[in-house]
Amino acid sequence: MESSTTSGGTSRREATRQKLYEAAVTLIAEQGFSATTVDEIAERAGVAKGTVYYNFASKSVLFEELLRHGVGLLTASLREAAESTARGGGSKVDALDAMIRAGLVFIDRYPAFTQLYVAELWRTNRAWQSTLMVVRQEAVAVVEGVLREGVAGGEFSEEIDVPLTAAALVGMVLVAALDWKSFQPERSLDDVHAALSRLLQGRVSGRR
């Protein structure tokens with residue numbers, strides 16, 4: 001067990017890192033990585049410049065850890081949605097539907113991070129590219145797990161391409177949510193979820 005002093009110090013450092021994450025993601029989403037300076041991040045976070053370097057060796061390291069942190073939160077929310085559905089006796093389709101909603105809730109809460117994350121997926125010349133691929137796969141793997149269990153249990157066809165289907169589902173949520181936030185902000189989360197749920201359950205053709 002950690003002492004209360006150690007625990008308090010750890011909590012304060014985590015709180016500081018969280019402020020730096022939030023400041024960095026907002027600034028980088030607004031003006032790009034190259035144009036964002038450490039001084040601006042420190043000012044936005046309300047800390048001294050030295051505090052940034054105390055927590056992160058460089059701006060690049062800060063951004064890499066930001067990606068780990070943000071995608072880690074998304075992965076955890078997807079996993080919890082699947083596990084909660086399983087505890088409640090729901091089907092694998094129910095689990096995927098719950099994960100879609102969890103993804104939308106995450107994006108609704110962290111729109112700037114999501115915008116940044118999607119943009120970075122298209123760039124291949126970044127120092128953190130390998131880290132981005134690892135954390136992306138961690139999120140997709142949660143969906144893959146539900147699909148594989150569904151195939152094994154006979155709920156899904158054995159013919160589905162599990163990795164590609166999982167990536168497609170995650171991509172669907174990301175792109176649909178960004179379109180929602182950018183071009184249809186008047187729509188509610190429930191409305192957007194209902195539309196994606198119909199796609200998931202194959203109810204877009206009009207057949208019953």
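**Briefing: core, rings and domains of a predicted model**

Methionine 99 touches Leu78, Ala81, Ala82, Val142, Val143 and Val146, leaving aside residues up to four places away in sequence; contact means heavy atoms within 4.5 Å. This is a predicted model, in which local features need pLDDT of at least 70 and side-chain atom pairs count only at pLDDT 80 or more, while totals for chains, interfaces and linings use all residues. Residues are numbered from 1 along each chain as its sequence is written, and side-chain values use heavy atoms, with hydrogens and water left out.

**Nonpolar core**

- The largest nonpolar core holds 59 residues, and Met99 and Leu104 have the most contacts inside it.
- Such a core is a set of buried Ala, Val, Leu, Ile, Met, Phe, Trp, Tyr and Cys residues joined through side-chain atoms within 4.5 Å.
- At least two residues of this core come from each of H1, helix H2 (38–45), H4, helix H5 (92–109), helix H6 (111–121), helix H7 (129–152), helix H8 (162–183) and helix H9 (189–200).
- Helices (H or I, at least four residues) are DSSP runs, numbered from the N terminus.
- Domain 1 (1–56) and domain 2 (67–200) each give at least three residues to this core.

**Domains**

- The protein chain is divided into domain 1 (1–56) and domain 2 (67–200); the bounds come from an automatic or database domain assignment.
- The C-alpha centres of the two domains lie 27 Å apart.
- Six residues of domain 1 are in contact with seven residues of domain 2.
- UniProt, in an unreviewed entry, lists residues 14–74 as "domain: HTH tetR-type"; its positions follow the numbering used here, feature names are shortened, and annotations may be inferred rather than shown by experiment.
- Residues 14–74 are 80% helix and 0% strand, with their end C-alpha atoms 18 Å apart.

**Aromatic pairs**

- The count comes to five aromatic pairs; rings of Phe, Tyr and Trp (its six-membered ring) pair if their centres lie within 6.5 Å, with planes under 30 degrees apart counted as stacked, over 60 as edge-to-face and the rest as tilted.
- Tyrosine 21 and phenylalanine 56 have ring centres 5.8 Å apart and planes at 50°, so this pair is tilted.
- Tyrosine 21 lies in helix H1 (residues 4–31) and phenylalanine 56 in the loop between helix H3 (49–55) and H4, so the pair ties together parts 35 residues apart in sequence.
- Tyrosine 21 is buried at 7% relative accessibility; buried means under 20% relative accessible area, exposed over 50% and partly exposed in between (1.4 Å probe, protein chains only).
- Phenylalanine 56 is also buried, at 2%.
- Phenylalanine 106 and tyrosine 110 form another tilted pair, 5.0 Å centre to centre with 50° between the planes.
- Phenylalanine 106 is buried at 7%, whereas tyrosine 110 is partly exposed at 26%.
- Phe106, Tyr110, Phe113 and Tyr117 make up one aromatic cluster.

**Charges over rings**

- The charged end of lysine 59 sits over the ring of phenylalanine 33, 4.3 Å from its centre; the rule asks for NZ of Lys or CZ of Arg within 6 Å of the ring centre and within 35 degrees of the ring normal.
- Lysine 181 lies over the face of tryptophan 180, 4.4 Å from the ring centre.

**Two single residues**

- Threonine 75 is found in helix H4 (residues 59–87) and is buried at 5% relative accessible area.
- Threonine 75 touches Val135, Glu138, Ala139 and Val142, not counting residues up to four places away in sequence.
- Leucine 164 lies in helix H8 and is exposed at 58% relative accessibility.
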